[in-house]
Amino acid sequence: MEEKKALTGKARNLYGISDFAFSFMANIENYYLMFFLTNVAKFPLGGIATATSLAYAGDAIGQPIYAGLISALKPMRWGKNRSYILLFPPLVVLSFVLCFTKIGPEWFALIICGSMLFFTNLTRTFTWTSNLNMMNVLASTPDDRPILASRRATWTAAAGLIYSYAVIPNITVLERAMPEIMVYTFLAAITSIFYMLMCWVTVWATSGYEATGEAAKAQAQSAAQQITLMDILKSALQNPYLLVILGGALISSCFNAGAISSTTYYYTYIGNPSLFPLQLLLGSIIGVITSYLAGPMGKRIGAKQAVLVGSYSSVILNFIASFVAIPSNIGMIVIICIRGLIAGLSMVNMQVLYSDCVVYAKWKTGKETSAFVMGSQTIPIKIGLMLRGILVPLILGISGFDPNVLAADVTMEMKQGIVMMLFTLPAIGGLINALILHIGFRLTPAKVAEMQQEINEREALAADAA
């Protein structure tokens, strides 16, 4: 059996640079898409709810199919994962830009926004899942996975350092130079093009770790590497640990659906808008530090324990923030920063738990379905996004939202609705998620190492027999 290439140099340090760029694009969507649709394009709330929820629903339904296709399809010339990271980003650029447009009659413009929202998520999912699965391709030892997860999270957090003051304050500046609706189209174009370029850097940095060309095709044609739909189903249905993680994450995503989008409404109608960049900057600085340390910390106390420490702490701080957010902007920012200091432990080490599930799936089924297992973590995210399309317009409508009302005239009912989306609901969902993980995930590092050793022995025997 060919020895796996050791993780060194540019691959270790640049893994996650596409996530750095992805964060810029994702922040534009998460913070400003709903705001663009309600306050800039001024589409009716019912139309927004229909268009966005259908787009995200289609994406959520398709998510298992996308991940399964990456596992089952034969690799292209650049490798099983790197091919998607190379070829799909240009499609992301085109579709993402069209999400922030208002072309033609209102009904037609909504169809464009909704359909392009679905398509941009489809193409990004192929790229993002393939990039995520590269963690398993690059890792030559179990200790590499926490380091790679930490690098990826560090890059992601670092994006906020630039985004907080390079994007948000300049929205006002750009509004003086071009029509307001074009500001968001321009930002979507710049951020998505940057993402495309960083994906191509990732392809370059990971050269040599994944079989390419004829070698990849020959590897895919071997019986041990051929993946069927049944193999993919088994990797999920016979993996209780994956089901535990997904179950908890699904509940959390449902309660967390409108949290990020409501931040923009918070600083528009409740908080001081000038503090919005400060919050993101401080959160990003803390995120970089926590993400860098989270890998070694997870290695020391165990990934599951690190996840639980971050999760339970975040729940407590979210409940506190729900009472502080309206009377005190500064108090809310302090709580968010403390929450970010601890929550990074959870986010980074959750990747390690999914990676452990990859080992379990291969040990159980004998098949390499890592792309599906790692990609499945986006299923709860997609469902949460689908619910966001319904939840945000619904709560805004119930709270008496009117895009033409000034912040000074906003009712306490609307303020409370925004804070509920921002803190109270995420606290409830986070608590349920932490309890499920605490009770149900019993896959230990020792057991994972034992299973990996058995997998290696099987593959060695198969290679000798061949």
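Contact here means heavy atoms within 4.5 Å. The model is predicted, so local features need pLDDT of at least 70 and side-chain atom pairs count only at pLDDT 80 or more, while totals for chains, interfaces and linings use all residues. Residues are numbered from 1 along each chain as its sequence is written, and side-chain values use heavy atoms, with hydrogens and water left out.

Helices are DSSP runs (H or I, at least four residues) numbered from the N terminus. Two packed helices are described by the angle between their axes and the distance between the axes. The axes are lines fitted to C-alpha atoms over the stretch in contact, and angles run from 0 to 180 degrees between N-to-C directions.

Helix H2 (residues 17-40) packs on helix H6 (residues 106-138) at about 160°, the axes lying 13 Å apart. H2 is therefore roughly antiparallel (over 145 degrees) to H6. Their crossing is left-handed, a term for a near helix turned anticlockwise from the far one by less than a right angle. On the H2 side the meeting residues are Ser18, Asp19, Phe22, Met25, Glu29, Leu33 and Leu37, and on the H6 side Cys113, Leu117, Asn121, Arg124, Trp128 and Asn131. This contact has 7 nonpolar, 3 polar and 3 charged residues; Ala, Val, Leu, Ile, Met, Phe, Trp, Tyr, Cys and Pro count as nonpolar, Asp, Glu, Lys and Arg as charged, and the others, Gly among them, as polar.

A second pair is helix H12 (residues 240-255) with helix H16 (residues 329-365), at an angle of about 150° and with axes 9 Å apart. H12 and H16 are therefore also roughly antiparallel, and H12 passes H16 in a left-handed crossing. Pro240, Tyr241, Leu242, Ile245 and Leu246 of H12 touch Met350, Leu353, Tyr354, Cys357 and Tyr360 of H16. The residues of this contact are 10 nonpolar, with no polar and no charged.

Helix H13 (residues 259-269) is largely enclosed by the rest of the structure, because 9 of its 11 residues are buried, meaning under 20% relative accessible area with a 1.4 Å probe and protein chains only. The buried residues include Ser261, Tyr265 and Tyr269. Among the elements covering them are H2, H16 and helix H19 (412-440).

Tyr265 is also one of the residues with the most contacts inside the largest nonpolar core, which has 128 residues. Such a core is a set of buried Ala, Val, Leu, Ile, Met, Phe, Trp, Tyr and Cys residues joined through side-chain atoms within 4.5 Å. Tyr184 is another residue in that list. Leaving aside neighbours within four places in sequence, Tyr184 is in contact with Tyr32, Phe35, Phe36, Val40, Phe100, Ile171 and Glu175. A second, separate core of 7 residues includes Ile70, Phe88, Leu122 and Phe126.

Notes
Helix = DSSP H or I, 4+ residues; strand = E, 2+ residues; numbered from the N terminus. Parallel < 35°, antiparallel > 145°, perpendicular 65-115°, else oblique. Buried < 20%, exposed > 50% of the residue type's maximum accessible area, 1.4 Å probe, protein only.
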